[in-house]
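Good morning, and thank you for coming. Please look at the structure on the screen while I describe two of its interfaces.

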Amino acid sequence: MSTQTTTEEKKQVNLVRKFWDWLIDRLDRTGWLAYKFTIPKRFVSPLPFLGFLTFICFLILGVTGALLMLFYTPSLTGAWQSVETINNVIPYGEIVRNIHYDASNAMVFLALAHMYYNYFSGRFKIRNEIIWVTGIIFGTITVLEAFTGYDIILNTRAVLAVSIGVSLNYSAPVIGPQLVHTIFGSGFPDFILRFYALHIFIIPVIMIVLALLHFPRILTFDIPIISAVFGAILLVGGLYPISLGSPYYCSSVIAGYCQTANTYSSVSFTLPEWYLTSLYAFLRTFMPKFIAGILLPTLFILMFMVIPFVDKSKKFSWKDRPFFTALGIASIGQIIITTYWGFFIDESPSLTKTQALFIDPVQIFGAMILVAALSYVGTYAYLRRLAAKGAGGKAARGRRPQAVNFLTSKWVFAILAVMLGFQIFLNFNAALAAIRGFPNLVMFDLGAVVMLFAIMFHLYRYSRPL
Amino acid sequence: MSEDSENEEKKAQASSEAESQAQTSNEEKSSTETISISPSAPQPQKPKTTPMIGKPIGTPVTPRPTSTPIVKPAAQTQTPVVGGPASTPVASRPVGTPVVGTPRPSVGTPVGTMGPIVGTVTPRPGIASLAGVSAPGGAPKLPPSKPPESKVEVSRRNFIKGLAIVGGLVAVGSFVPLFPYLEASVGVGTATPDLPVVVNPNVAQNQLVPLKPADVGSLNSIDPNSSYFQYPYIVGNTNANADSFVQCVLIRMPAGFNGEGYSVTDTSTGDQYIAFSRVCVHLWCLWSYNTNDPRGPVGACPCHGSTYVPGSGTYPKTPSFSNQAPGTAVAGPASLQTPPNNMLPIIQLTIVDGSFHATGRVGVVGCGQKC
């Protein structure tokens, strides 16, 4: 801002500039500069770069995962104990673990939102078939990665989930048993070790290879939104810390023996994570397990995978593609219904377990068909109304009024200073909470700090002259 | 006439040689792409090197005998050789090249329709062995005709490609025997029971206290009539004993229930005991026994609600559960699976010196009693 730069400052700037240019030029020989990062100067909607936010979650998971790996033991009788140690003994272990768990949920959710944004906006049509197909595969693999992740904790839910996952693969016709024997081994000690190998290496490597086939070369690096995502993960982790559960094996190991006094306890009900509850609802209809657990979800995924080859119209906007927009809305509706239904277990004591768990297939599939039909009717009706109202679209509406910068720079500085002060206060609080042993409060405070930084950066960017 | 014929001969030979050259040059061109000779460009006159057949011009070529038909290869560029019978011998052209010329009968016409010229043909010895031309009447006797060798022409390039592919397949295939690496088990494998005694789960495991009938369902168990144990039990190997597939349930059967030969009786109290694998045959969760289930004493799985009966008995509240064989799934998804996947494997028990011994298993864990 000052126009009186001295020659010294100019020289410094020149040196930095020179170094930067040299660096970029030498890096140009490597693959690093295949990607071009654009940093928006104004606020832009995060919807177009939800994919990059998913990648940010992947980075968070990688870092926290590496830290967890230092203390986790993948043995059948030591896994839960190691997770308990991480949670209760290792300093900041609970924080790292909660960040890892919440980031995994955030990653699955952001991946789903990212897919739907590209679906409704029609961006998959711009010669993006490979990117779309690898994206669907990426999404499936992300869910599998998250699944193997919460399976290696080996609390009651995890052990049962391992059983179900392996036996579903086993039920595949013809190749099932051999597939399980080859990929997962035989016996639970094998399963756990291989789930661990899958989770920390094999699937991440596949994801990285897929990323090279899926990331477009221009990536939007929007600092406030990235910070907001990280802040949200921390906030949620602080408000809802994940419980350890009870071990399914060995409450303790004495002289090499599993002390089974309190183990193998009867568990009333066990639920998977939200992204698999719909599968759980299918299984609860008591349909044949391969069809319910593998075939139907695979068909659902395949339906998405072939979309760019089926939707060949030249129209991009969701308003101009009523059929496929309705299909998308129907799929969202079905996901919501089946996910909710999977969570819903009537726990009134008069019902037996079987009665409580049973979902009438006629009811659930009827509901899904009804949702599809309603989506179609509703979407067509709404689009017709839209077309009737605003013929001409954007041109008829006129240009959006330019955003007016109503905050003077004095106000901006004042707000930034207040936020900074609040951040310092929160940091202090977090440190105190850490000393006093309230890890969820630490996380909440840190989450607020990061969120404040996001808001501050956004405000700063908003106030800059264009 | 002879001059003309000679000129025609020369022309014919030149053009025929041009054709053959064109063919080879075609191949060369496709492999090296440096030769710019086009097939239609006139070739320079080459000195005659190949012997002529010796037939006078105009002589219709005797057709090949029908017994030795010319084998035409499938996709060959048939460049018809223009020229009379006084052209280069057939050996220099691929088999099947139609030899077109001045009026000649097509292949296959019976020999008898030939004109009188036939008699004047004096085939050269070199040609006769290949072509099998028979000259009835007057011609010297020929050695028995050999059928023309049917060659499938493979270019050198394709041959090398084929070698490379086969080599690649062999290279990849030589790693297939290493496949069992993936299947080697780290965990339990086929464990042999070290300990026939059913270890009391309520006491510290390192003491290996045997389970007595009176201890079944004691204080630490949630249900008063069942205990959980491992079969086969591997002494000292915590990992192996924590495997789901060795978890079993020992049940004190309700009064009036029939174990159908799989149960043992405690002579002092008259109670019957039976044991099953704890792995549900639906999706391999571990079920638990509940004497006080609303439907009666059954085992129920927490994952999807599969329900198993410990023996055949009467269930007043749910008559469909009555009189089913021990370990049958009577409700839930396991009951909807086709036999043999709807019955639990049974652990065979005996009572020795007042404590339980597990001696064997009927069925395959996770599959069913009759698998």
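On the side of chain A that touches chain B, α6(A) gives the largest share, with eight residues. Helices (H or I, at least four residues) and strands (E, at least two) are DSSP runs, numbered from the N terminus. By class, this side of chain A divides into 27 nonpolar, 18 polar and five charged residues. Here Ala, Val, Leu, Ile, Met, Phe, Trp, Tyr, Cys and Pro count as nonpolar, Asp, Glu, Lys and Arg as charged, and the others, Gly among them, as polar.

A word on the model. It is a predicted one, in which local features need pLDDT of at least 70, side-chain atom pairs count only at pLDDT 80 or more, and totals for chains, interfaces and linings use all residues. Residues are numbered from 1 along each chain as its sequence is written, chains are lettered from A and ligands numbered from 1 in the order in which they are written, and side-chain values use heavy atoms, with hydrogens and water left out.

How much area do chain A and chain B bury between them? The value is about 4100 Å², 60% of it on carbon and sulfur atoms. Buried area is the accessible area (1.4 Å probe) that two parts lose on being put together, summed over both. The rule finds zero salt bridges between these chains, a salt bridge being a side-chain nitrogen of Lys or Arg within 4 Å of a carboxyl oxygen of Asp or Glu.

We now turn to the inside of chain A. Domain 1 of chain A and domain 2 of chain A bury about 2800 Å² between them, 71% of it on carbon and sulfur atoms. Of the area that domain 1 buries against domain 2, A:Tyr119, A:Phe120 and A:Lys125 supply 24%, more than any other three residues. Two salt bridges cross this domain interface. The side chain of A:Lys125 also meets that of A:Asp311 in a salt bridge, at 3.0 Å from N to O.
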